[in-house]
Amino acid sequence: MFRIIYNLDDKVPNFIRREQKILKHTFYYSNSIKPVLLNYTIMLNFELQNPVKIFFGKGEIAKLNTQIPKDANILVLYGGGSIKKNGIYEQVTAALKDYNYTEFGGIPANPEYEVLMDALAIIKSEKIDFLLAVGGGSVIDGTKFLASAALYEGDEPWDILDKGIRTEVGMPFGTVLTLPATGTEMNSGSVVSRRELGEKRGMGGPGLFPKFSILDPTVVASIPQRQLANGVTDAFTHVMEQYMTYPIGADLQDRFAESIMSSLVATAPKLMGDASDYTTSANFMWCCTMALNGLIQKGVPNDWAIHAIGHELTALYGIDHARTLAIIAPRHYHHFLDNKKEKLAQYGERVWNITEGSITERAKAAIAKTEAFFHSMDIPTRLSDYTDQYHGTAEKVSETLRERGWVALGEHKAVTPEAVRVIVEGSY
Ligand code: NZQ
Ligand code: ZN
């Protein structure tokens, strides 16, 4: 067998050429007459810029006053009140004692558009010019929406989400992370829900990177078990979405991804056993941030169909974000086994030590290990574990994505409405 590398842009399938600017690809010749296209072996072109300044460690919240301009007029945003029970509120207000600030509490999990519109009114009436999010993904994402909406010149801020308007410049904001999970503290994405419409939509853009994020692992001690399990599951799935595609020869990205997954696998039982252990919570926190700060997704194909489908389950039933991923991921990987089996098998070997069997057998064993990992944290992986009203969900989700024009998701654009229907139905 020998290998020829062509510069054959015209022979690259449309979905790759359009999305990923492949310049050349590899055919393997064997004794067969026709060349067999095995995979694309070059790393994809990419740009990487992440301006978020991270403060990591015990006591770092006190540094807030080194990062916010002294003359800022601040809106401090938080959620349902956990920060007032675990000492984080006191640390934040102590650091802000020389500042002019207003508070806005009550941002719910899966940040709600209507509530955020109340905060937007305060930003305008109080002439706020700096936002400080103190919370988990929901508070930080809500703050990102506000950073965008505060400077948005259109009439209807919902358009930012509905029409996918990219935020080039937003109001400056910082974050104090209280719940490791989403990675939002170091990325420029946000997800906002609008319950009256049954919608959960994403937004983003370079104007939505936090100016700084403070990551103090001691905050993990007060997080309930359910949210700890959610955090591990969300971060783990983030890595899978950026990794479980097809081999492209990006060794470093693969090893980064595998090391985050292996660390989460090792950390999870310790975390569920004792969240107050500093080493454990520090590893958990940094894994979650690194899982979605843009680094591991560069130069490699990404999937993200599990998230697209999962968000619809939250919109329909209010199921925690991470749990929707645990419901969909195993079925998604089974459905696309042929497309993903090489990476599934590689993941199985490097993360779960699965070394026996064919590639397909190892890939299937890796999916089973993944589902068992979710179960080990008491995360049920069937839709019927969360709602009795699951009949018809597959058709609903498939139709919603179709209406939105999301008819070709995933790294191969193979996640069609019909595939979505089969995956969701298989998840009942
Ligand atoms: O609201 P409070 O009272 O603060 O309680 C929260 C909330 O009830 C509680 N909590 C947070 N920190 C705590 C704590 N309880 C005790 N001690 C602490 N230190 O935890 C509950 C859940 O919080 P939430 O912020 O909703 O969780 P998470 O961080 O998992 O965020 C989920 C949201 O992020 C979005 C999800 O879709 C969902 O809306 N995501 C955002 C992403 C992004 N921007 O990059 C990517 C993700 O894939 C995800 O879609
Ligand atoms: Zn997620």
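Guide: Let us begin with burial. In this predicted model, Glu411 is buried, with a relative accessible area of 5%.

Visitor: With which residue does Glu411 form a salt bridge?

Guide: The general idea is that side chains of opposite charge can pair when their charged atoms come close. Here the partner of Glu411 is Lys340, and the closest N and O atoms are 2.9 Å apart. Glu411 belongs to the loop between H14 and H15, whereas Lys340 sits in helix H12 (residues 337-352), so the pair ties together parts that are 71 residues apart in sequence.

Visitor: Is Lys340 buried or exposed?

Guide: Lys340 counts as buried, at 1% relative accessibility.

Visitor: Which residues are joined into one network by salt bridges that share partners?

Guide: The network comprises Asp162, Glu199, Arg201, Glu312 and Arg404. Within it, Arg404 and Glu312 meet through their side chains at 2.9 Å, N to O. Arg404 lies in the loop between helix H14 (393-403) and helix H15 (417-426), and Glu312 in helix H10, 92 residues apart. Arg404 is buried at 17% relative accessible area, and Glu312 is buried at 4%.

Visitor: How far apart are the closest N and O atoms of Asp320 and Arg226?

Guide: They are 2.7 Å apart in that salt bridge. Asp320 lies in the loop between helices H10 and H11 and Arg226 in helix H7, so this pair ties together parts 94 residues apart in sequence. Asp320 is buried at 15% relative accessible area, while Arg226 counts as partly exposed at 47%.

Visitor: How many salt bridges does the structure hold?

Guide: The structure holds 23 salt bridges.

Technical notes. Residues numbered from 1 in each chain as written. Chains lettered and ligands numbered in written order. Predicted model: local features only at pLDDT ≥ 70, side-chain atom pairs only at ≥ 80, totals over all residues. Heavy atoms only, no water. Salt bridge = Lys/Arg side-chain N within 4 Å of Asp/Glu carboxyl O. Helix = DSSP H or I, 4+ residues; strand = E, 2+ residues; numbered from the N terminus. Buried < 20%, exposed > 50% of the residue type's maximum accessible area, 1.4 Å probe, protein only.
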